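This report looks at a few local features of one protein chain, taking them in turn. Please keep the sequence and the model side by side while reading.

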Amino acid sequence: MLGTGTSQGVPIIGCDCRVCTSTDPRDNRLRASALVSSGKTNVLIDAGPDFRQQMLREKIHHLDAILLTHEHNDHVIGLDDIRPFNFRTGKPIIIYAMARVAAEVRKRFEYVFGEYIPGLPQIELREIDRHDTINIGEIEVKTIGIEHGRLPILGFRFDEITYLTDVKTVQPKEMEKIRGTRFLVVNALHHDFHPTHMNLVESLDFVLKINAEKTWLTHISHNLGLAKEVEPTLPKNVFLGFDGAVIG
């Protein structure tokens, strides 16, 4: 888990709440992202504004592909920082995204897709949707259609692990793709109602429906509370995700 925070990260600029001023490293959260690795193949999920910092912290030397859940800035705006990987391999990085998301990437990073200029990021966009299964090296990825409020976005299943962020609802047919997963990652924003993200109660209800062996929560706001106080209240097989946590 490269980052487990919301779009503002935790701490939030200018906030003096107990969480944002906490010295517990579990209360410091970069924007939500994850790395799936087979040992040989590295697949990144989302590249937000903390992408560079996350790659440096985890000492990542190569990426084989990037999967984008959706087009919001906290999930894509770090893509310019793929350049060191391009320079090392001399090749573009393949980015998998829904057609709508791919169009937004082309728009926001228009300079990447125009006339080639040495030193710019090199991106190869490949469009996917919720019906796809793709293979990246040794890693098989199954896409899952989920709803971020009214916005259709993607979650991903990697054999025993399912990763869902920014989800509010999942339709029954897509739920079937998740069942049987051993390890689940799903968002839990805070305690109150939110129109586009599950809160903690909704997330724990979802966890019960999936019945995974273990679940980690992500995309966590400072309003959820201190990690040391929240985690003891969770079911025994549910954990607060934290930056740097390893699943599997």
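**The largest cavity**

In this predicted model, the lining of the largest cavity is made up, by class, of 6 nonpolar, 3 polar and 2 charged residues. The residues that line this cavity are Val 10, Val 19, Asp 27, Arg 29, Ile 220, Ser 221, His 222, Leu 224, Gly 225, Ala 227 and Leu 240. Its volume is about 50 Å³, and the count of cavities of 30 Å³ or more comes to 1.

Helix α6 covers residues 200–210, and its buried residues are Leu 200, Ser 203, Phe 206, Val 207 and Ile 210. They lie on the same side of α6, because they cover an arc of only 120° around the axis. An α-helix has 3.6 residues a turn, so residues three or four places apart point the same way.

The buried residues of α6 pack against α5 (172–178), β10 (183–187), β11 (214–218) and β12 (238–240), whereas the face turned away from this buried side carries the exposed residues Val 201 and Leu 208.

**The ends of α6**

After α6 comes Asn 211, which has a positive phi, near 55°.

**A glycine in a loop**

Gly 114 is found in the loop between α4 (99–108) and β5 (123–127). Gly 114 has a relative accessible area of 46%, and is therefore partly exposed. Although Gly 114 and Ile 77 are 37 residues apart along the chain, the separation between their C-alpha atoms is 18 Å.

Key
Residues numbered from 1 in each chain as written. Predicted model: local features only at pLDDT ≥ 70, side-chain atom pairs only at ≥ 80, totals over all residues. Heavy atoms only, no water. Helix = DSSP H or I, 4+ residues; strand = E, 2+ residues; numbered from the N terminus. Buried < 20%, exposed > 50% of the residue type's maximum accessible area, 1.4 Å probe, protein only. 1 Å grid on protein atoms, 1.4 Å probe; cavity = no way out; pocket = protein on both sides within 12 Å on 5 of 7 lines; lining within 4 Å. Points joined across faces, edges and corners; volume = space filled by probe spheres on them. Nonpolar A, V, L, I, M, F, W, Y, C, P; charged D, E, K, R; others polar. Arc of directions from axis to C-beta. Contact = heavy atoms within 4.5 Å.
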